[in-house]
Amino acid sequence: MNQENSTKKLHYIYDPLCGWCYGIAPLIEVVSHEYPHVLTLHGGGLFTPTRKVTGGDAWKEHVTPIDERISQLSGQIFSQQYRDNLANTEMTLNSLMPIAAILVARKMGDRDVMLLKALQDAYYLDGLNISDKDVLFFIVQKLGFDITLFSTLFTQVNEYEITQHIQQTQQLMHQVNGRGFPTLCIEDNQTYQLIPVENYFGDTKSWTSFLKQTL
């Protein structure tokens with residue numbers, strides 16, 4: 001089926017600081033290459049100003065076994081730089097900043113999926129804090145965005161817009177009976193099919209076959 005003429009949509013409920021979302025990044029990359037017109041991102045707000053996390057030994061001990069499990073299932077690499085940074089007590093995680101950047105990237109020619117991947121790589125491979133505005137702007141400039149336009153649009157994204165976006169994401173997750181991040185579902189004529197994404201971790205071949213049969 002020509003995806004440009006298809007009425008189906010693939011909704012991806014994600015958070016840029018979610019390790020499991022990083023685990024399915026290769027699957028999302030397949031979708032973005034093969035079916036770019038059907039994919040819609042919905043940022044979930046795993047960490048917010050009222051539910052933020054600061055790095056430290058306790059956080060590192062909590063996250064490390066989860067990351068190891070994700071790596072075993074998906075083959076995704078969590079670098080030593082990232083692992084070391086988990087214990088950094090000066091690092092505060094806040095999902096709203098990278099989600100705002102991704103919303104701006106969508107306005108700049110549907111480049112949101114590309115930016116999400118770049119942010120995940122920056123965080124999990126390069127050990128950068130993508131909750132930091134200066135880091136975000138560094139990554140965006142590295143990708144070749146018009147940094148002046150990006151800065152203007154980023155400044156215009158206010159707290160209300162971010163809150164509305166996250167609330168809509170949470171409503172969609174509830175509607176499709178999602179169980180957290182990541183949640184993937186296919187919308188066809190206003191009906192939703194929840195995708196058992198855990199069945200495809202580290203298996204892009206089966207995932208590609210599923211997409212061909214479904215989209």
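**Strands and helices, term by term**

Modeller: β1 and β2 run parallel and are joined by five bridges. This is a predicted model, where local features need pLDDT of at least 70, side-chain atom pairs count only at pLDDT 80 or more, and totals for chains, interfaces and linings use all residues. Residues are numbered from 1 along each chain as its sequence is written, and side-chain values use heavy atoms, with hydrogens and water left out.

Biologist: What makes β1 and β2 a pair?

Modeller: Strands (DSSP E runs of at least two residues, numbered from the N terminus, as are helices, H or I runs of at least four) pair if DSSP finds at least two bridges between them. Here there are five bridges, so they pair. His-11 stands opposite Thr-40 in β2.

Biologist: Why is β2 called largely enclosed?

Modeller: Because four of its five residues are buried (under 20% relative accessible area; exposed is over 50%, partly exposed in between; 1.4 Å probe, protein chains only).

Biologist: Why are α6 and α7 called oblique?

Modeller: Their axes (lines fitted to C-alpha atoms over the stretch in contact, with angles from 0 to 180 degrees between N-to-C directions) cross at roughly 120° and come within 11 Å. Under 35 degrees is roughly parallel, over 145 roughly antiparallel, 65 to 115 roughly perpendicular and the rest oblique, so α6 and α7 are oblique.

Biologist: Which residues make the contact?

Modeller: Contact means heavy atoms within 4.5 Å. Leu-115, Ala-118, Leu-119 and Ala-122 of α6 meet Leu-136, Ile-139 and Val-140 of α7.
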